[in-house]
Amino acid sequence: SSFADRERGQMQDNTTKPLLFEPIEIRGIKSKNRIVVSPMCQYVSNGGMPNDWNLVHLGRYAFGGAGIIYGEETAVEARGRKSYQCAGIWDDNHIAGYRRITEFLKSLGAVPGIQLGHTGSKASCRGPMEQFAALTDDDIKKGMPPWQGLAPSTLNSVKRRFSPKEMDSSDISTVQKCFREAVKRSVDAGFEIIEIHGAHGYLLHQFLSPTSNLRTDSYGGDLRGRMRFPLEITEIVREALPKNLPLSFRLSAVDGKGGAWGFSESKVFARALEERGVDIIDISSGGITGDGNLPNVPRVQGYHVGFSKEFKDEVDALVMVVGSITKPKQAEDILKKGKADLIGMSRELMYHCDWPLHAARELGVSDYFSLQPEPYAFRLRKREADSLLAKNAPEEAEKAFEKLYKS
């Protein structure tokens, strides 16, 4: 049997199970725990294609015991990337590259997810280690010419080489088609959860916020108009996605400093998402700035938990929360107090990819080694047994070691 089958059997033997390690079933997909690896952009792809870096990067979290593992934000069309190194799934040739990763993650008992997005006006730049600088003539010489992004309105707020194109009806139809086709490719590639990226100042968030959406047609103006395009994308994705697979939507509960998209509007939007078949509301914040009075969300421990608790009171959909959740008891407390249903983590897992294993031990899970693949779990259990033997029978252990040293 596969590692996943053995792990499931071992998890069922546990007599102590904190909520963080209770399995959860979402539509037809079951996760062995509530720990989710949030999407983390890596900027290592070539032409959108994943590679060995992506396999190892995501595989580390499967070895560490996370239940759901998202790949990075993945562009639904080439002009929807931020940089030339961003991940993408706009071509059928990408499918096999992702399938290699999803099959490996599933063999280790994890649920693979993908976050589909379109960067809109933030397109055409370098990566984060170069401060997302706009592409220049030097980049043209390297074969990486700048391109024009899309946006609800022509605002060059992020200072790109070209001001973005204000989307007309043809652009809207094209992006809708790109999302539909990306979903089908994602399913073919073996992903079991799809997330729509509607946060962090990307295209869908740009439509939602009155700071970035100055349109006067039916896709702008009041809240209903600004929600129209993101909701149409949601309907298209849900229709293209098999009924047994869950749909998540990441939203910014509020804009960044000086923005105008607020929490009260987010709650209205979340209810509309739920009505359209979204199973998970993934809570984040920021991405659009302006000259208003809205402050930044302070980056303290669990800084989105207050938002997620409010969303829990608004919708029946599951709520996932991210943002400086680093301690096992902190995560368990969030779940037990009904402030979220899923715990999203990113940088803490990059620092400590075996966090789930150590969290399970700290929270009293009896066979916490079963979170890891059996070749790991077997050896770690054996080491623990040998240690106990040495403690309970030190003289016998010492004699055994003497024989080993002489052999």
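Buried means under 20% relative accessible area. Keep that cut-off in mind as you explore this predicted model.

**Stop 1: strand 8**

Select residues 193–198, which form strand 8. Six of the six residues here are buried, so the strand is mostly covered.

Strand 5, residues 111–117, pairs with strand 8 in the parallel sense over four bridges. Pick Leu 116 to find one of the partners: its bridge partner in strand 8 is Ile 196. Strand 9, residues 247–252, also pairs with strand 8 in the parallel sense, over five bridges. Here, look for Ile 194, which stands opposite Leu 247 in strand 9.

**Stop 2: the barrel**

How many strands make up the closed barrel? There are eight, in the order 3-4-5-8-9-10-11-12, and their pairing is parallel. From one strand to the next, the twist averages 25°. As background, strands of a sheet pair through backbone hydrogen bonds, either parallel or antiparallel.

Carry on from strand 9 to strand 10, residues 280–284. Five bridges join these two parallel strands. Select Arg 250, and opposite Arg 250 you will find Asp 282 in strand 10.

**Stop 3**

Next, select residues 68–75, which are strand 4. Is this strand enclosed or open? Eight of its eight residues are buried, so strand 4 is largely enclosed by the rest of the structure.

Strand 3, residues 35–37, pairs with strand 4 in the parallel sense over two bridges. Zoom in on Val 36, whose bridge partner in strand 4 is Ile 68. Strand 4 is also joined to strand 5, by six bridges, and these two strands run parallel. For an example, select Ile 69 and its bridge partner in strand 5, Pro 112.

**Stop 4: Gly 67**

Step back to Gly 67, in the loop between helix 2 (52–64) and strand 4. Gly 67 has a relative accessible area of 0%, so it counts as buried. What does Gly 67 touch, leaving out residues up to four places away in sequence? The list is Ser 31, Lys 32, Asn 33, Ile 35, Ala 110 and Val 111. For a sense of scale, draw a distance from the C-alpha atom of Gly 67 to that of Asn 213: these atoms are separated by 37 Å, and the residues are 146 apart along the chain.

**Stop 5: the nonpolar cores**

In general, nonpolar side chains of soluble globular proteins tend to be buried together. The largest nonpolar core here has 66 residues. Select Leu 116, Phe 229, Phe 269, Ile 281 and Phe 311, which touch the most other members. Helix 7, residues 223–240, gives the largest share of this core, seven residues. A second, separate core has 36 residues, including Leu 58, Ala 340, Cys 353 and Val 365.

Zoom in on Phe 229. Not counting residues up to four places away in sequence, Phe 229 touches Met 167, Ile 172, Val 175, Gln 176, Leu 203, Leu 204, Phe 207 and Tyr 219.

**Stop 6: Ser 209**

Ser 209 is in the loop between helix 6 (203–208) and helix 7. Is Ser 209 buried or exposed? Ser 209 is buried, with a relative accessible area of 0%. Show its contacts beyond neighbours within four places in sequence: Arg 226, Asp 255, Ala 260, Trp 261 and Ile 288.

**Stop 7: the cysteines**

How many disulfides are there in the whole structure? A search finds zero. Select Cys 125, which is buried with a relative accessible area of 1%. The nearest cysteine sulfur to Cys 125 is that of Cys 86, 6.9 Å away.

End at Cys 353, also buried, with a relative accessible area of 16%.

Notes:
Residues numbered from 1 in each chain as written. Predicted model: local features only at pLDDT ≥ 70, side-chain atom pairs only at ≥ 80, totals over all residues. Heavy atoms only, no water. Buried < 20%, exposed > 50% of the residue type's maximum accessible area, 1.4 Å probe, protein only. Pairing = 2+ DSSP bridges. Axes fitted to C-alpha atoms, helices over the stretch in contact; angles between N-to-C directions. Core = buried A, V, L, I, M, F, W, Y, C linked by side-chain atoms within 4.5 Å. Contact = heavy atoms within 4.5 Å. Disulfide = S-S within 2.5 Å.
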